[in-house]
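Hello,

Here is the structure I promised to pass on. My notes follow below it.

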Amino acid sequence: MRLDTLIRGGEIVDPVSGTLALANIGIANGFVSYVGPQEREAENIVDATGLYVSPGFIDTHMHDEELDDAYTIQRSLLLQGVTTAIAGNCGSGPLMDDYIPKRRAPMLKLAYQTGHTYLRKTVGIDDIYRPATDSETKRMQALLRTELDRGSFGLSFGLEYAPNTSPDEIAALASLLTGRPRVSISVHIRYDGPRCLEGIREVVDIAKKHKVRLQVSHIGSMTAFGYCADAVRLVEEAKAEGVDMCYDCYPYDAFCTHIGSAVFDPGFDKRWNKGLPDLEVASGKYKGQRMTPASYDDLRANDPDALIIAHVMNDAEIRECLATPDCAIASDGVLHDGQGHPRAAGTFPRALRILRDAGLSWPEAVRHATSLPASMTWLDSGRLSEGAPADVVIFDPETLRDRATFADQLAPPEGVAYVIVDGKVAVDHGTCSPEPAGRLLFRKAD
Ligand SMILES: [Zn+2]
């Protein structure tokens, strides 16, 4: 069979066997069709001499809910080497009829979860502080059932954003996933800071009760206030008892969310033992400024969607968390009007660098971005073996690093030579292909 593309001369990073080996990779019809020493004929040659050839990175937790003509968040992830991403996290995943008709093909492979908070809004709940009534819950169930039938990747909760969500409301929705193959629930837990372990116990119970896979979202930003190791231990203990759980983390000691959310209700300073000067405005008219009582009041009242970066977590805890064997790297990338937190543009190179500094080999580090998140989400990517989707990132291990900073949030990383999605070259040395190479993913039929 003639190949569409031959990736020649690179070292293949295999996260499953933990090895690096010189080999050529042949691609035909979007799949890896050859891995080995031979020079096969191909339509296109990608020269990877001196570079590492890795499975494309998989971001199981990002946000692509806000329509943005420039597709900034997809572009930012793609430029890092992310070839598959799961959006709709933290309760905000839209209904398919609300996003599919409005969007062109994505720049990478993109799946959505159905968001609990979005379901609440759809059935008319505009008060985030009240539980749903029985009839509202029934209507949310009907919507969720339809979305799951149509291929949603699962259900996401942002319990900290809808803080009085009742256990009954959660159970009514979570129970709809029981017995369905390849779906999961992701949860932004109910509490950050001192009560986070209570929040973890709550979700362990949800996973146990409903026999459904549960992903604890961005565990670092919820617990790295002195509790991260204990939180990871709780998840690991549950797993050892047979509960189906996983977690992700992004490599920054600052989180980012909307100023109008319940996270910033009075009392946050005591929870984190920090104050307004630790909060940086990331979008809108105060962008780049540290927060003051006046800007806090103004934004809460008049621009609740403005994004705030909270420099409040402990860096050492985040680093330790990333290096725990079951921790998937995930960006939690979210932008508002193209502005936000550098994690949207820097997460993967930065986390890989942290894992290398922690003593992991390249294949071990890459596992946290590829085969591990693939197995968490039942994706058949995550390894460059024959028959796998041809999702590839080719990078220079010497120079790979993030360049995005809090001042320059979208600066693309250094060291990424090529990104290939479904066999198509989507990034060539920092330039994205004019035609989007991705597509929407839907959960395979039951
Ligand atoms: Zn979240």
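**Strands and core**

Strand E13 (residues 245-249) and strand E17 (residues 327-329) run parallel, joined by 3 bridges. Tyrosine 247 has cysteine 327 in E17 as its bridge partner. Please keep in mind that this is a predicted model.

E13 also pairs with strand E12 (residues 213-216), again through 3 bridges and in parallel. There, methionine 245 in E13 is the bridge partner of leucine 214.

How many of the 5 residues of E13 are buried? The count is 5 of 5, so read against the cut-off of 20 or more other C-beta atoms within 10 Å, the strand is mostly covered. Both faces are covered: Met245, Tyr247 and Cys249 lie on one side, Cys246 and Asp248 on the other.

Next, an open sheet. It has 3 strands in the order E14-E16-E15, with antiparallel pairing. E14 (255-258) and E15 (279-281) are the edge strands. Each has a single partner strand, so one side of each lacks a neighbour in the sheet. On average, neighbouring strands here are turned by 30 degrees against each other, direction ignored. E15 and strand E16 (residues 307-310) share 3 bridges. Leucine 279 stands opposite alanine 310 in E16.

Last, the largest nonpolar core. It holds 137 residues, and Val53, Ile308 and Ile394 touch the most other members. Helix H12 (residues 343-357) gives the most to this core, with 7 residues. Leaving aside residues up to four places away in sequence, isoleucine 308 touches Cys256, Thr257, Ile259, Phe264, Leu279, Glu280, Val281 and Ala282.

Best wishes

Note on methods. Residues are numbered from 1 along each chain as its sequence is written. This is a predicted model: local features need pLDDT of at least 70, side-chain atom pairs count only at pLDDT 80 or more; totals for chains, interfaces and linings use all residues. A nonpolar core is a set of buried Ala, Val, Leu, Ile, Met, Phe, Trp, Tyr and Cys residues joined through C-beta atoms within 7 Å. A residue is buried if 20 or more other C-beta atoms lie within 10 Å of its own, exposed if 12 or fewer, and partly exposed in between; C-beta atoms are placed from the backbone. Helices (H or I, at least four residues) and strands (E, at least two) are DSSP runs, numbered from the N terminus. Two residues are in contact if their C-beta atoms, placed from the backbone, lie within 7 Å. Two strands pair if DSSP finds at least two bridges between them. Axes are lines fitted to C-alpha atoms, for helices over the stretch in contact, and angles run from 0 to 180 degrees between N-to-C directions.
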